[in-house]
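Biologist: I am new to this structure. Could you show me how to read it, feature by feature?

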Amino acid sequence: RAIKDAAPGLVVIADLCFCEYTDHGHCGVVRKSRAGFRLDNDATLDLAAKAARSQAEAGFDVIAPSGMADGQVGVIRKALDGSGFSATPILAYAVKYSSAFYGPFRDAAESPPSFGDRSSYQMDPANGREALREVALDVEEGADMLMVKPALPYLDVLSAVRRRFALPVAAYSVSGEYAMVKAAAEKGWMDEKRTALEVLTGIKRAGADFILTYHALDAARWLGA
């Protein structure tokens, strides 16, 4: 609400996930299981519907569910439509891998899982075919835009999604990608400006219509935006 009051013309995207608010750091409700724990998908979807309505009421322009719960896009679409927000678009984190590249962000946000990992509901980095199935399900459920995350290690997936689906495609260049460039530049091994712009150009060339990146302010300055 404060952001929309201060800059009403700015497009504000809500990242809908629960890992920051749980004491265990997982992306929803967890239950004990033979494997140790499992994500309770249905209970998580109930919370996602409530959160989406709350975010839309607060003034968010776009709802972006990132928890990778099965069916989350459809549930959120129904909740928004039923609350008078049928025009509020959904940016689906349709392809989100269980990646080591999230490390710097998780340390900063103090949100790493306190037990296990997120590989049971985020995607296997070795599996590219599953990505297209996940995207197709989100499109069928009513997604308006699609996200591939991380970006740099998955340019092949990004390109495949761009070729197959007509919706706008985003790529999230995550904290680990940013940290690698910053660390190498600080040691004098690489030129930060040239490297960062080359990375962003590669992501764009692979098919991204828009890019989320920690280099955004620097890139805007370098490009004279």
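**A guided reading**

Modeller: Start with one residue. A219 is buried, with a relative accessible area of 7%. The model is predicted. A219 sits in helix α9.

Biologist: What is A219 in contact with, leaving aside its neighbours within four places in sequence?

Modeller: A219 is in contact with L197 and L200. Take L197: its C-alpha atom is separated from that of A219 by 7.0 Å, and the two residues are 22 apart along the chain.

Biologist: How far should I trust the coordinates?

Modeller: Begin with the general idea. Where pLDDT is low, predicted coordinates should not be read in detail. Now this case. The protein has a mean pLDDT of 88, and 85% of its residues reach 70 or more.

Biologist: In which helix is confidence lowest, and in which is it highest?

Modeller: Confidence is lowest in helix α4 (residues 103-109), at a mean of 65. It is highest in helix α8 (residues 192-206), at 98.

Biologist: Next, helices. How do I read the sides of one?

Modeller: Again, the general idea comes before the case. An α-helix has 3.6 residues a turn, so residues three or four places apart point the same way. Now look at helix α3. Its buried residues are Q72, V73, I76, R77, A79 and L80. They cover an arc of only 165° around the axis, so they lie on the same side of α3.

Biologist: Which residues are exposed on the other side of α3?

Modeller: K78 and G82 are exposed there.

Biologist: What do the buried residues of α3 pack against?

Modeller: They pack against β1, α2, β4, β5 (91-96) and α5 (129-141). Q72 gives a close-up. Q72 is buried, at 8% relative accessible area. Not counting residues up to four places away in sequence, Q72 touches L45, P65, S66, G67 and E141.

Biologist: What follows α3?

Modeller: Just after α3 comes G84, with a positive phi of about 85°. Helix α2 is also followed by a glycine: G59 has a positive phi, near 115°.

Biologist: How many residues does α2 have, and how far does it reach?

Modeller: α2 has 18 residues. From its first C-alpha to its last it reaches 25 Å, close to the 26 Å expected at 1.5 Å a residue. Its buried residues include A43, T44, L45, A48 and A49. Further along, A51, A52, Q55, A56 and A58 are buried too.

Biologist: Now a strand. Are the faces of β4 covered or open?

Modeller: Both faces of β4 (residues 62-65) are covered. V62 and A64 are buried on one side, and I63 and P65 on the other.

Biologist: In which sense do β1 and β4 pair, parallel or antiparallel?

Modeller: Strand β1 (residues 13-16) pairs with β4 in the parallel sense, over 4 bridges. One example is D15, whose bridge partner in β4 is A64.

Biologist: How many salt bridges does the structure hold?

Modeller: There are 6. For each one, ask where the partners sit in the chain and how exposed they are.

Biologist: Which residues are linked with R77 and D81 in a network of salt bridges?

Modeller: D144 joins R77 and D81 in that network.

Biologist: Can we finish back at α9?

Modeller: There, R221 forms a salt bridge with D218, and the closest N and O atoms are 3.0 Å apart. The two are 3 residues apart in helix α9 (residues 216-222), so they are separated by about one helical turn. R221 is exposed, at 54%, whereas D218 is buried, at 17%.

Methods
Residues numbered from 1 in each chain as written. Predicted model: local features only at pLDDT ≥ 70, side-chain atom pairs only at ≥ 80, totals over all residues. Heavy atoms only, no water. Buried < 20%, exposed > 50% of the residue type's maximum accessible area, 1.4 Å probe, protein only. Pairing = 2+ DSSP bridges. Salt bridge = Lys/Arg side-chain N within 4 Å of Asp/Glu carboxyl O. pLDDT = per-residue confidence, 0-100. Contact = heavy atoms within 4.5 Å. Arc of directions from axis to C-beta. Expected span 1.5 Å × (residues − 1).
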